Amino acid sequence: DVRRPETPRLRFVTGEAGIGKTRIVNEMRRLLRSKGIRVLQGIQSPPLRRDEAADTTGFKPLEGFAGPLAALCDLAREWGPERSRRIFAGDRAPLLAPFVPEIASVPGVEMAEPLEGSQELGAGRVLRALTEVLAEAAEEQPILVVIDDLQWADELTLSMLDFVHRSGGWSQRKVLVLGIYRTEEAPRRLAGLAALPGVGHVDLGPLDDTDSGEMVRDMLGGGDPQPAFLRFLTRSARGNPFT
């Protein structure tokens, strides 16, 4: 439950490409929305090209949280200037606007210049600002942040995930972050983070004959497929429903 302090603030759903990670998370999102929990979606893009917004590795910094922040900007316009001012108070707006320019145009948001500091200190302040924005936005309704394709995560997004896990005060927030990634493409830092104690982690393995049989029956509209056919299907697809 997102609303309980003992719930892990960081969770992962992992597995090989096509195994059904996104489908399961989509069903969970639908269920959580019905329980009054706000779901904000983010996604990482593969580093196919470089541009002025990309860092030196070809990734856009903090991209995983850009979608959720942009969604909060849309919600803030509905909530009005007073609440927007609280959510993006202090130096939160100027620190986060370089990653999500929409923040600057939200009514009530003040774009004062952040204090100068080293690059390392600046990254820490960005993570703090993002934490405070999400916490303030979740005061009236719990929030689930879902980030897909984390195997392509940039360093700042990974740092935020690490911050979510290690920050003691985060356990009191009504915010949960759920990451989805392909195990065969995960960088070492991400895989190590998912394996840490206190991090929720569900790894989806290949389907067995029983799972495949249920899927085939659903697709065929009933009836029991031949066991030999199921064994052939499971062996040929290696238990991957997408194959």
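Let me start with Q44: setting aside neighbours within four places in sequence, Q44 is in contact with E63, G64, I147, D148, D149, L150, W152, A153, D154 and T157, where contact means heavy atoms within 4.5 Å. This is a predicted model, in which local features need pLDDT of at least 70 and side-chain atom pairs count only at pLDDT 80 or more, while totals for chains, interfaces and linings use all residues. Residues are numbered from 1 along each chain as its sequence is written, and side-chain values use heavy atoms, with hydrogens and water left out.

Where does Q44 lie? Q44 is in the loop between strand 2 (38-43) and helix 2 (63-79). Helices here are DSSP runs of H or I with at least four residues, strands are runs of E with at least two, and both are numbered from the N terminus. Q44 has a relative accessible area of 2%, so it is buried; buried means under 20% relative accessible area, exposed over 50%, and partly exposed in between, with a 1.4 Å probe and protein chains only.

Now the polar side of Q44. A polar atom of its side chain lies 2.9 Å from the backbone nitrogen of G64. The side chain of Q44 also makes a polar contact with the side chain of T157, at 3.3 Å. A polar contact is a pair of N or O atoms within 3.5 Å; within protein, one must be able to donate a hydrogen and the other to accept it, and residues adjacent in sequence count only if both atoms are side-chain atoms.

On to helix 2. Its buried residues include E63, G64, F65 and P68. Its axis and that of helix 6 (residues 155-166) come within 7 Å and cross at roughly 75°. Axes are lines fitted to C-alpha atoms, for helices over the stretch in contact, and angles run from 0 to 180 degrees between N-to-C directions. Helix 2 is therefore roughly perpendicular to helix 6, a term that covers 65 to 115 degrees. E63, G64 and F65 of helix 2 meet T157, M160 and L161 of helix 6.

Last, the backbone. Most residues other than glycine have a negative phi. Which phi does L62 have, positive or negative? L62 has a positive phi of about 60° and is not a glycine. L62 sits in the loop between strand 2 and helix 2, and is buried at 1% relative accessibility. D149, also not a glycine, has a positive phi of about 60°. D149 is in the loop between strand 3 (143-148) and helix 6, and counts as buried at 17% relative accessibility.

How values were computed
Angles under 35 degrees count as roughly parallel, over 145 as roughly antiparallel, 65 to 115 as roughly perpendicular and the rest as oblique.
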